[in-house]
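Dear colleague,

Please find below the structure that I am handing over to you. After it I set out what was found, and I would ask you to read the text with the structure open beside you.

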Amino acid sequence: MKDILKAPFMVEMIRTATNMYAHGWDERNGGNVSVLLDEDELKEYLDLTRVHRTIPTGFEAPGLDGKYFLVTGTGKYFKNVQYEPCKNLGIVRLTENGTQAELLWGFTDGGKFTSEFPAHMMSHVARRRVDPENRVVMHCHPANLLAMTYVHTLDEREFTRTLWQMCTECIVVFPDGVNVLPWMLCGTNEIGRSTAQKMETARLVVWAQHGIYGAGRDLDETFGLIETAEKAAEIYMKIAHLPRVNTITDEALRQLEAHFGVRAREGYLQ
Ligand SMILES: [Zn+2]
């Protein structure tokens, strides 16, 4: 068996969690990440017949049976992931319609996956229907996106248009826009279902007064997606209280759309 701590997916996960903490997106035990792993790759590092524990998930996620996920632990601090990955991370295989998770590695202190596991797993199902290559779901608390949900309308079209106007690259990076959930109780199957539903039409879902969810094909892409939206929100929070003299016009957004070959969300440009 190869050393799992040197596996590319593990190295990337540790680097990403560390970087998210460094960006101030994951204070205390805030934030969670899940990555769908490839069975053929994983069996080079783990005996997949050796199940340490079986943990009930508390929800159903048909379509994920037999799928493997590397996921952050509940109550765990992102700042500690790099020092003790086997305690702060775990690898599970879903079974029985997603109602059970077999622990194959990690959570060595008796811990388990993030309390937002329902939102993660339901979002994986929803995103993979749109993009079969989707492998990552990421949640964190970037300060400017959060701040924006206190002072900006939560109308998804308006929220998206404001972000697109804040940085030229935004419409290129997230042409599908940003969906927004009003404040809801976190850690529940209800917010999981609502998030997954929003994931059907965009890779970014803002949780008002809480944080953001991003989905993508790999950790870099998903991190970059959130990073770009957060940068735009930062510009907005710097200028929201000032008279706007200039902006990126719809005409300019259409030029970007054409030049970079992206399709802006239907009906979002004038
Ligand atoms: Zn959160």
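**What was found in the structure**

F107 is buried, with a relative accessible area of 1%. Please bear in mind from the start that this is a predicted model.

**Two residues with positive phi**

F107 lies in the loop between β5 and α4 (117-130). Its phi is near 45 degrees, a positive value in a residue other than glycine. Most residues other than glycine have a negative phi. A second case is E96, where phi is near 50 degrees, again positive in a residue other than glycine. E96 is found in the loop between β4 (89-95) and β5 (100-106). Is E96 buried or exposed? E96 counts as exposed, because its relative accessibility is 55%, whereas F107, at 1%, is buried.

**The zinc ion**

Which residues are the protein donors of the zinc ion? They are H139, H141 and H210; each gives its NE2 atom, and the donors lie 2.1 Å from the ion. Along the sequence, the donor residues follow the spacing H-x1-H-x68-H. The pair H141 and H210 links distant parts of the chain, the two being 69 residues apart. H141 sits in the loop between β6 (136-140) and α5 (143-151), and H210 sits in the loop between β8 (204-207) and β9 (211-216). Both H141 and H210 are buried.

**Salt bridges**

The count of salt bridges comes to 18.

- R93 and E102 form a salt bridge in which the closest N and O atoms are 2.7 Å apart. Both R93 and E102 are buried.
- D3 and K6 meet through their side chains in a salt bridge, at 3.4 Å from N to O. D3 counts as partly exposed, because its relative accessibility is 39%. K6 counts as exposed, because its relative accessibility is 64%.
- E158 and R157 form a salt bridge, with 3.3 Å between the closest N and O atoms. E158 is partly exposed, with a relative accessible area of 32%, and R157 is partly exposed too, with 25%.
- D176, R203 and E221 are linked in a network of salt bridges.

**Cysteines without a disulfide**

The structure holds zero disulfides. Seen from C170, the closest cysteine sulfur is in turn that of C167, at 4.4 Å. C167 counts as buried, at 13% relative accessibility, and C170 counts as buried as well, at 0%.

**How helices pack**

Helix α1 (residues 8-22) packs with α9 at an angle of about 15 degrees, and their axes are 10 Å apart. The two helices are therefore roughly parallel to each other, because angles under 35 degrees count as such. The crossing of α1 and α9 is right-handed.

How do the axes of α5 and helix α6 (residues 156-166) compare with this pair? They come within 12 Å and cross at roughly 130 degrees. That makes α5 oblique to α6. Here too, α5 passes α6 in a right-handed crossing.

**Positions in sequence and in space**

N246 is placed in the loop between α9 (219-239) and α10 (250-260). N246 counts as exposed, because its relative accessibility is 64%. From C-alpha to C-alpha, N246 and Q165 are 9.9 Å apart in space, while 81 residues separate them in sequence.

K198 lies in helix α8 (residues 189-199). K198 is partly exposed, with a relative accessible area of 23%. K198 and R28 are 170 residues apart in sequence, and their C-alpha atoms are 27 Å apart in space.

With kind regards

Technical notes. Residues numbered from 1 in each chain as written. Predicted model: local features only at pLDDT ≥ 70, side-chain atom pairs only at ≥ 80, totals over all residues. Heavy atoms only, no water. Donors = N, O, S within 2.8 Å, 3.2 Å for Na, K, Ca; no water. Helix = DSSP H or I, 4+ residues; strand = E, 2+ residues; numbered from the N terminus. Buried < 20%, exposed > 50% of the residue type's maximum accessible area, 1.4 Å probe, protein only. Salt bridge = Lys/Arg side-chain N within 4 Å of Asp/Glu carboxyl O. Disulfide = S-S within 2.5 Å. Axes fitted to C-alpha atoms, helices over the stretch in contact; angles between N-to-C directions. Parallel < 35°, antiparallel > 145°, perpendicular 65-115°, else oblique. Left-handed = near helix turned anticlockwise from the far one by under 90°.
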